[in-house]
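Here is a short report on one structure.

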Amino acid sequence: MASPTAEELLASVSGLTPERAQQVADDIDECRRLLAAGADMDAVQQHLKDQGVGMIQAILITTRLLGDHPSRLRAAREAVEGSPARNTTPPE
């Protein structure tokens, strides 16, 4: 049986299989626990990268973590793309 988060994803994101929706939902729930335990968004992004989560999926997950943020897609992109975990610029 799909979790409520997986059901919401299936209803709002086209192209997800039930299995993939559940996997993303599990990632969202895990990230929520990290945030509740005091981790910041950079730590969450590092965790997602360490788990092999790609940029697009990380943005999807982050939009759900931001909740009712007025421009949550933009904020999610900035959180993921601006994260030290995703910074691909080599140090000088």
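## Salt bridges and a helix pair

Asp 29 is partly exposed, with a relative accessible area of 23%. On this scale, buried means under 20% relative accessible area, exposed means over 50%, and partly exposed lies in between (1.4 Å probe, protein chains only).

This is a predicted model: local features need pLDDT of at least 70, side-chain atom pairs count only at pLDDT 80 or more, and totals for chains, interfaces and linings use all residues. Residues are numbered from 1 along each chain as its sequence is written, and side-chain values use heavy atoms, with hydrogens and water left out.

Asp 29 has a partner. Arg 32 forms a salt bridge with Asp 29. The term means a side-chain nitrogen of Lys or Arg within 4 Å of a carboxyl oxygen of Asp or Glu. By this rule the count comes to 3 salt bridges.

| Salt bridge | Closest N and O atoms |
|---|---|
| Glu 8 and Arg 64 | 3.2 Å |
| Arg 32 and Asp 29 | 3.7 Å |

Where do Arg 32 and Asp 29 lie? Both are in helix 2 (residues 18-36), 3 residues apart, about one turn of the helix. Helices here are DSSP runs (H or I, at least four residues), numbered from the N terminus. Arg 32 is partly exposed, at 38% relative accessibility.

Glu 81 and Arg 77 sit in helix 5 (residues 72-81). They are 4 residues apart, so about one helical turn separates them. Glu 81 is partly exposed at 39% relative accessibility. Arg 77 is partly exposed too, at 42%.

Glu 8 forms a salt bridge with Arg 64. This pair links distant parts of the chain: Glu 8 is in helix 1 (residues 4-12), Arg 64 is in helix 4, and 56 residues separate them. Glu 8 is partly exposed, with a relative accessible area of 34%. Arg 64 is buried, at 13%.

Helix 4 also has a packing partner. Helix 3 (residues 41-50) and helix 4 (residues 55-66) pack at an angle of about 145°, with their axes 11 Å apart. Axes are lines fitted to C-alpha atoms over the stretch in contact, and angles run from 0 to 180 degrees between N-to-C directions.

Which residues make the contact? Helix 3 supplies Met 41, Val 44, Gln 45 and Leu 48. Helix 4 supplies Ala 58, Ile 61, Thr 62, Leu 65 and Leu 66. Contact means heavy atoms within 4.5 Å.

Conventions
Helices (H or I, at least four residues) and strands (E, at least two) are DSSP runs, numbered from the N terminus.
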